[in-house]
Amino acid sequence: MRFCPYAHRTRLVLRAKGIRHEVININLRNKPEWYYTKHPFGQIPVLENSKCQLIYESVIACEYLDDAYPGRKLYPYDPYERARQKMLLELFCKILGYQNTIFFGGDCISMIDYLFWPWFERLDVYGIADCLNHTPALRLWTAAMKQDPTVCALLIDKNIFLGFLNLYFQNNPDAFDYGLTC
Amino acid sequence: MSGGSARSLAKGSAPPGPVPEGLIRVYSMRFCPFAQRTLLVLKAKGIRHEIININLKNKPEWFFKKNPFGLVPVLENSQGQLIYDSAITCEYLDEEYPGKKLLPDDPYEKACQKMVFELFSKVPSLVTSFLRRQNEEDCYGLKEELWKELSKLEEVLTNKKTTFFGGNSLSMIDYLIWPWFEWLEVLELNDCVDHTPKLKLWMAAMREDPAVSALLTEPKALRGFFNLYLQNSPEACDYGL
């Protein structure tokens, strides 16, 4: 599904490794009956190859692609470096899993939410839309954050930010003043 | 290879020195099923190692420098590199050390082992919940959930038509899920595999494996540990020593 971050992972790896592939998008609110023969719970992403082998779970699919296809290796060769990447992923998943209230600290906005926000605001500006199924908690959090007066007052204008990025990646020293009128 | 039956280190203990060359250290706890995964792989691959047991009810302050989450198992090598999360430690050992590969080389077969691992993922917390159950109503509900999860594993063995989860010989996935099956007998949950005959046969086959049988915990000791652990006793981790 075009907006699912988990499926997005797999598409990133396919592209990074230059793997020829076809994409079939699934309507997650109205799944075709046949899709349950691909995944017992109808989740995405699922890989299917010409031998009819099915691989699911985004992280497993990504590792499979790295192992099965030649070219640039995305996971490092060194076992310790590989382990480090996997430990970092566990940390990331824990962040997503730590949420059982609207905000990360409870029912009201608090320090941890402000500490996380700048990165999520930038992701939002880049236009990564929410996934309908996988991270409703994060979507609710983003919406709730945007209602906070402090967050609101400091929201970056999307066009100005993109203008800055554009100049920044060109190493243009005027990048930092982009959008200022005087 | 030393330390498996050593008293655990607790708060106030001195941090251990660096790991000697040619050895890898595992921070463990004698009754932890997650740590048992790592010990099984160390044994199966014949990797020279030393064990430091940690008192999980009274953790040494220095242990959080080894793993910020304060959990076992953690691997430390002579270069001071630290690896934690039981599944990650097992995969690291298989990649880093020579000898018999526990994970298959074939990418699809390897992915299959990881998918089975996901299928198993609800079992540890169900078994822990069962251990902590307050009354008989909880008991039935939990048993039912456990049956459901175990049936998924039975289906894998039925579809594969092999003795073990990775084929006809024992491999990584079998070691990763084994420790909780060892607990079934002690927790009087053996009837949960009554409807899963292939799983029952797998359990028997596992007990024949040299690494598994070398690391089997005596049911009485496990029961003793459970009792003390549920009472939050700092003596739990050293039960029987």
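A salt bridge here is a side-chain nitrogen of Lys or Arg within 4 Å of a carboxyl oxygen of Asp or Glu. Lys114(B) meets that rule with Glu63(A), where the closest N and O atoms are 2.9 Å apart. Across the interface of chain B and chain A, the rule finds five salt bridges.

Before we go on, a word on the conventions. This is a predicted model, in which local features need pLDDT of at least 70 and side-chain atom pairs count only at pLDDT 80 or more, while totals for chains, interfaces and linings use all residues. Residues are numbered from 1 along each chain as its sequence is written, chains are lettered from A and ligands numbered from 1 in the order in which they are written, and side-chain values use heavy atoms, with hydrogens and water left out.

Now let us look at the interface as a whole. In contact (heavy atoms within 4.5 Å) are 19 residues of chain B and 20 residues of chain A. The buried area, meaning the accessible area (1.4 Å probe) that two parts lose on being put together, summed over both, is about 1900 Å², and carbon and sulfur atoms give 69% of it. On the side of chain B, Ile88(B), Tyr108(B) and Met115(B) lose the most area to chain A, together 29% of what that side buries.

Which elements of chain B give two or more residues to the side that touches chain A? They are strand S4 (82-84), helix H3 (86-96) and helix H4 (107-120), where helices (H or I, at least four residues) and strands (E, at least two) are DSSP runs, numbered from the N terminus. H4(B) gives the most, with seven residues. By type, this side of chain B divides into 10 nonpolar, one polar and eight charged residues; Ala, Val, Leu, Ile, Met, Phe, Trp, Tyr, Cys and Pro count as nonpolar, Asp, Glu, Lys and Arg as charged, and the others, Gly among them, as polar.

The backbone deserves a look too. Most residues other than glycine have a negative phi, and most peptide bonds are trans. In chain A, the peptide bond from Ile44(A) to Pro45(A) is cis, with omega near 0°, and Pro45(A) sits in the loop between helix H1 (5-16) and strand S1 (46-48). In chain B, the bond from Val72(B) to Pro73(B) is cis, again with omega near 0°.

Cys52(A) has a positive phi, near 65°, and lies in the loop between S1 and strand S2 (54-56) of chain A.
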